[in-house]
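Reader: Before we set anything up with this model, I would like to go through it with you step by step. Could you show me the sequence and the structure?

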Amino acid sequence: MIRVAVVDDEELVRSGFVVLLGSSPDIEVVGQAGDGAEAWELCRRANPDVVLMDVRMPRMDGLEATRRIIADPRCAGTHVLVLTTFDDDELVHGALRAGASGFLLKDTRPTHLLDAISVVAAGDALLAPSVTRRLIEQFATLPTRPVSRADDGLTDREREVLVAVSRGLSNQEIADTLHMGYGTVKTHVSHLLTKLACRDRAQLVMHAYESGLTVPGSS
């Protein structure tokens, strides 16, 4: 059973998510919150597996709430899945840096949302290609740093996999592109997480762009 908390400042939106999640036999809604401060308190109290986190909220926004939840030892094991529109949400980039494990658009299909919760609860990151492309567009406006390859401890193959991850490719797509076995790709991704001290796939994307390994607009 996956324990989920729903955070959104619009009660109607929260209620809709609660009804949807309640239709799944594998999900239990353990609480709701209308702003980031309430979300943080809820997570410390209920320790959900996944938090569906809105971004723009009063009192404390989703970015700050995500940062506090991820850093709080009382919330160990809680993963944040951010729900955003991307049309006017400038905080998404910061939420990724704060430790969010995934992003979904608010108009996503119900079945996709349920699947996403399962993915994030299992400890994986959910970065849909369309979302990753939007993040890449944001990175294109930021200055890049020179790559210090001698210090990252990565093999050439691991760097190739990391670049592919940063471009939004799934493990199967990476396997097809780099002519590798699916299991080998999973092993490389696991090694990348360990070597780079990244929480999940989302943070690997951040590392690739912020280190300059991947350059926005490159093929």
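Predicted model: local features only at pLDDT ≥ 70, side-chain atom pairs only at ≥ 80, totals over all residues.

Reader: Is Asn 47 buried, partly exposed or exposed?

Author: The class follows from the relative accessible area, where buried requires a value under 20% and exposed a value over 50%. Asn 47 has a relative accessible area of 32%, and therefore Asn 47 is partly exposed.

Reader: What class does Ala 197 fall into, buried or exposed?

Author: Ala 197 is found in the loop between α10 and α11, and although Ala 197 is not a glycine, its phi is positive, at about 55 degrees. The relative accessible area of Ala 197 is 67%, and the cut-off for the exposed class is over 50%. Ala 197 is therefore exposed.

Reader: How many residues of helix α11 are buried?

Author: Helix α11 covers residues 201-210, and it is largely enclosed by the rest of the structure because most of its ten residues are buried. The buried ones are Arg 201, Ala 202, Leu 204, Val 205, Met 206, Ala 208 and Tyr 209. The count for α11 is seven of the ten.

Reader: Which residue just after α11 takes a positive phi?

Author: The backbone just after α11 has a phi of about 90 degrees at one glycine. That residue is Gly 212.

Reader: How are the axes of α9 and α10 oriented, roughly parallel or roughly perpendicular?

Author: The axes of helix α9 (residues 171-178) and helix α10 (residues 182-195) come within 9 Å and cross at roughly 110 degrees. Because angles of 65 to 115 degrees count as roughly perpendicular, α9 is placed relative to α10 as roughly perpendicular.

Reader: Which residues make the contact of α9 with α10, and how do they divide by class?

Author: On the α9 side the contact is made by Asn 171, Gln 172, Ile 174 and Ala 175, and on the α10 side by Tyr 182, Val 185, Lys 186 and Val 189. By class, these residues of the contact between α9 and α10 come to five nonpolar, two polar and one charged.

Reader: Which residue does Asn 171 contact besides Tyr 182, Val 185, Lys 186 and Val 189?

Author: Asn 171 is found in helix α9, and Asn 171 is buried, with a relative accessible area of 14%. Leaving aside neighbours within four places in sequence, Asn 171 is in contact with Tyr 182, Val 185, Lys 186 and Val 189, and also with Arg 201.

Reader: What is the distance between the C-alpha atoms of Ala 164 and Leu 178?

Author: Ala 164 lies in helix α8 (residues 156-166) and counts as buried at 7% relative accessibility. Not counting residues up to four places away in sequence, Ala 164 touches Leu 169 and Ile 174. Ala 164 and Leu 178 are 14 residues apart along the chain, and their C-alpha atoms are separated by 8.9 Å.

Reader: For the protein chain as a whole, what share of the contacts with a separation of 6 or more comes from residues 24 or more positions apart?

Author: The protein chain has eleven helices and six strands, and of its 219 residues 49% count as buried. It exposes about 10500 Å², of which carbon and sulfur atoms supply 51%. Among contacts in the protein chain with a separation of 6 or more, the share from residues 24 or more positions apart is 67%.

Definitions and conventions: Residues numbered from 1 in each chain as written. Heavy atoms only, no water. Helix = DSSP H or I, 4+ residues; strand = E, 2+ residues; numbered from the N terminus. Buried < 20%, exposed > 50% of the residue type's maximum accessible area, 1.4 Å probe, protein only. Contact = heavy atoms within 4.5 Å. Areas by Shrake-Rupley, 256 points an atom, 1.4 Å probe, with all protein chains shown as cover. Axes fitted to C-alpha atoms, helices over the stretch in contact; angles between N-to-C directions. Parallel < 35°, antiparallel > 145°, perpendicular 65-115°, else oblique. Nonpolar A, V, L, I, M, F, W, Y, C, P; charged D, E, K, R; others polar.
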